[in-house]
Amino acid sequence: MSTTLPLAMLIELAQNKTDEASRRLGQLQRAQIGAAEKLEMLTRYRQEYYDQLQSQMQDGLPSSSWRNFQHFIATLDSAIEQQRAVASQADSRLAHGRSDWQQNKRRLSSFDTLAERARQQQAQLVNKREQRSSDEHAARQFRQRMLAAAE
(Lines give C-alpha, C1' and ligand atoms only; values in the text may rest on other atoms or scores of the structure.)
Protein backbone atom coordinates (compact mmCIF):
# COMPACT_ATOMS: atom_id res chain seq x y z
CA MET A 1 0.00 0.00 0.00
CA SER A 2 2.88 2.36 0.73
CA THR A 3 4.13 2.13 -2.87
CA THR A 4 0.63 2.41 -4.30
CA LEU A 5 -0.11 5.84 -2.85
CA PRO A 6 3.01 7.60 -4.23
CA LEU A 7 2.51 5.83 -7.56
CA ALA A 8 -1.11 6.99 -7.67
CA MET A 9 0.08 10.54 -7.03
CA LEU A 10 2.66 10.23 -9.82
CA ILE A 11 -0.01 8.91 -12.18
CA GLU A 12 -2.33 11.79 -11.31
CA LEU A 13 0.44 14.35 -11.86
CA ALA A 14 1.44 12.70 -15.14
CA GLN A 15 -2.21 12.64 -16.24
CA ASN A 16 -2.55 16.35 -15.45
CA LYS A 17 0.61 17.15 -17.39
CA THR A 18 -0.56 15.04 -20.33
CA ASP A 19 -3.95 16.76 -20.30
CA GLU A 20 -2.28 20.17 -20.27
CA ALA A 21 0.06 19.13 -23.09
CA SER A 22 -3.01 17.97 -25.05
CA ARG A 23 -4.69 21.36 -24.57
CA ARG A 24 -1.51 23.17 -25.65
CA LEU A 25 -1.18 20.88 -28.65
CA GLY A 26 -4.74 21.70 -29.69
CA GLN A 27 -4.01 25.42 -29.42
CA LEU A 28 -0.81 25.01 -31.42
CA GLN A 29 -2.63 23.02 -34.10
CA ARG A 30 -5.28 25.74 -34.41
CA ALA A 31 -2.57 28.42 -34.62
CA GLN A 32 -0.68 26.45 -37.27
CA ILE A 33 -3.84 25.91 -39.33
CA GLY A 34 -4.72 29.60 -39.01
CA ALA A 35 -1.25 30.69 -40.11
CA ALA A 36 -1.30 28.31 -43.08
CA GLU A 37 -4.78 29.46 -44.10
CA LYS A 38 -3.75 33.13 -43.89
CA LEU A 39 -0.68 32.42 -46.01
CA GLU A 40 -2.83 30.61 -48.57
CA MET A 41 -5.31 33.51 -48.60
CA LEU A 42 -2.55 36.09 -49.17
CA THR A 43 -1.00 34.00 -51.94
CA ARG A 44 -4.37 33.48 -53.61
CA TYR A 45 -5.19 37.19 -53.32
CA ARG A 46 -1.85 38.11 -54.90
CA GLN A 47 -2.50 35.74 -57.79
CA GLU A 48 -6.02 37.12 -58.32
CA TYR A 49 -4.71 40.68 -58.24
CA TYR A 50 -1.97 39.76 -60.72
CA ASP A 51 -4.53 38.07 -63.01
CA GLN A 52 -6.68 41.22 -62.93
CA LEU A 53 -3.68 43.30 -63.88
CA GLN A 54 -2.93 41.00 -66.81
CA SER A 55 -6.43 41.47 -68.18
CA GLN A 56 -6.24 45.27 -67.65
CA MET A 57 -2.87 45.37 -69.43
CA GLN A 58 -4.46 43.89 -72.55
CA ASP A 59 -6.78 46.90 -72.70
CA GLY A 60 -3.96 49.33 -71.92
CA LEU A 61 -2.85 50.53 -68.50
CA PRO A 62 -1.77 54.04 -67.50
CA SER A 63 1.70 54.33 -65.96
CA SER A 64 0.27 55.56 -62.64
CA SER A 65 -1.82 52.41 -62.37
CA TRP A 66 1.27 50.34 -63.21
CA ARG A 67 3.24 52.03 -60.39
CA ASN A 68 0.36 51.50 -57.99
CA PHE A 69 0.26 47.85 -59.01
CA GLN A 70 4.00 47.43 -58.47
CA HIS A 71 3.78 49.09 -55.07
CA PHE A 72 0.79 47.00 -54.03
CA ILE A 73 2.41 43.75 -55.24
CA ALA A 74 5.59 44.63 -53.32
CA THR A 75 3.47 45.20 -50.21
CA LEU A 76 1.68 41.88 -50.76
CA ASP A 77 4.99 40.07 -51.33
CA SER A 78 6.30 41.50 -48.07
CA ALA A 79 3.15 40.40 -46.24
CA ILE A 80 3.45 36.93 -47.78
CA GLU A 81 7.08 36.61 -46.65
CA GLN A 82 6.15 37.72 -43.14
CA GLN A 83 3.28 35.24 -43.09
CA ARG A 84 5.61 32.48 -44.30
CA ALA A 85 7.84 33.22 -41.31
CA VAL A 86 4.79 33.12 -39.00
CA ALA A 87 3.65 29.83 -40.57
CA SER A 88 7.14 28.38 -40.22
CA GLN A 89 7.25 29.35 -36.54
CA ALA A 90 3.80 27.83 -36.04
CA ASP A 91 5.02 24.60 -37.67
CA SER A 92 8.04 24.56 -35.39
CA ARG A 93 5.95 25.22 -32.28
CA LEU A 94 3.52 22.50 -33.31
CA ALA A 95 6.35 19.98 -33.76
CA HIS A 96 7.72 20.91 -30.32
CA GLY A 97 4.26 20.68 -28.77
CA ARG A 98 3.68 17.28 -30.35
CA SER A 99 7.01 16.06 -29.00
CA ASP A 100 6.15 17.40 -25.53
CA TRP A 101 2.76 15.67 -25.63
CA GLN A 102 4.33 12.37 -26.75
CA GLN A 103 6.89 12.56 -23.94
CA ASN A 104 4.17 13.19 -21.36
CA LYS A 105 2.06 10.38 -22.81
CA ARG A 106 5.01 7.96 -22.62
CA ARG A 107 5.65 8.94 -18.99
CA LEU A 108 1.97 8.39 -18.10
CA SER A 109 2.03 5.04 -19.88
CA SER A 110 5.12 4.02 -17.93
CA PHE A 111 3.46 4.87 -14.63
CA ASP A 112 0.33 3.01 -15.69
CA THR A 113 2.48 -0.04 -16.49
CA LEU A 114 4.13 0.17 -13.07
CA ALA A 115 0.73 0.47 -11.39
CA GLU A 116 -0.56 -2.56 -13.31
CA ARG A 117 2.48 -4.57 -12.24
CA ALA A 118 1.90 -3.53 -8.63
CA ARG A 119 -1.76 -4.58 -8.91
CA GLN A 120 -0.73 -7.94 -10.36
CA GLN A 121 1.83 -8.49 -7.58
CA GLN A 122 -0.77 -7.58 -4.97
CA ALA A 123 -3.26 -9.98 -6.56
CA GLN A 124 -0.63 -12.74 -6.54
CA LEU A 125 0.04 -12.13 -2.84
CA VAL A 126 -3.67 -12.26 -2.06
CA ASN A 127 -4.02 -15.47 -4.09
CA LYS A 128 -1.06 -17.04 -2.25
CA ARG A 129 -2.54 -16.08 1.13
CA GLU A 130 -5.91 -17.50 0.16
CA GLN A 131 -4.28 -20.69 -1.15
CA ARG A 132 -2.21 -21.05 2.02
CA SER A 133 -5.31 -20.51 4.17
CA SER A 134 -7.24 -23.02 2.10
CA ASP A 135 -4.41 -25.55 2.33
CA GLU A 136 -4.15 -25.08 6.11
CA HIS A 137 -7.91 -25.49 6.46
CA ALA A 138 -7.86 -28.67 4.36
CA ALA A 139 -4.93 -30.02 6.41
CA ARG A 140 -6.76 -29.32 9.70
CA GLN A 141 -9.85 -31.09 8.42
CA PHE A 142 -7.74 -34.01 7.26
CA ARG A 143 -6.05 -34.27 10.70
CA GLN A 144 -9.41 -34.06 12.43
CA ARG A 145 -10.78 -36.89 10.25
CA MET A 146 -7.68 -38.96 10.89
CA LEU A 147 -7.97 -38.40 14.65
CA ALA A 148 -11.69 -39.16 14.57
CA ALA A 149 -11.06 -42.38 12.59
CA ALA A 150 -8.32 -43.46 15.00
CA GLU A 151 -10.63 -43.17 17.98
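Ten residues make up the largest nonpolar core: Ala 35, Leu 39, Leu 42, Leu 53, Phe 69, Ile 73, Leu 76, Ile 80, Ala 87 and Ala 90. A nonpolar core is a set of buried Ala, Val, Leu, Ile, Met, Phe, Trp, Tyr and Cys residues joined through side-chain atoms within 4.5 Å. Buried means under 20% relative accessible area, exposed over 50%, and partly exposed in between (1.4 Å probe, protein chains only). Helix 1 (4–59) and helix 2 (63–150) are the elements that give two or more residues to this core. Helix 2 gives the most, with six residues. Helices here are DSSP runs (H or I, at least four residues), numbered from the N terminus.

This is a predicted model: local features need pLDDT of at least 70, side-chain atom pairs count only at pLDDT 80 or more, and totals for chains, interfaces and linings use all residues. Residues are numbered from 1 along each chain as its sequence is written, and side-chain values use heavy atoms, with hydrogens and water left out.

Now look at Leu 53. Leaving aside residues up to four places away in sequence, Leu 53 touches Leu 61, Trp 66 and Phe 69. Contact means heavy atoms within 4.5 Å.

Next come the rings. The structure holds five aromatic pairs. Rings of Phe, Tyr and Trp (its six-membered ring) pair if their centres lie within 6.5 Å; planes under 30 degrees apart count as stacked, over 60 as edge-to-face and the rest as tilted. Tyr 50 and Phe 69 form a tilted pair, 6.1 Å centre to centre with 40° between the planes. Tyr 50 lies in helix 1 and Phe 69 in helix 2, so the pair ties together parts 19 residues apart in sequence. Phe 69 is buried, at 5% relative accessible area. Tyr 50 is partly exposed, at 32% relative accessibility.
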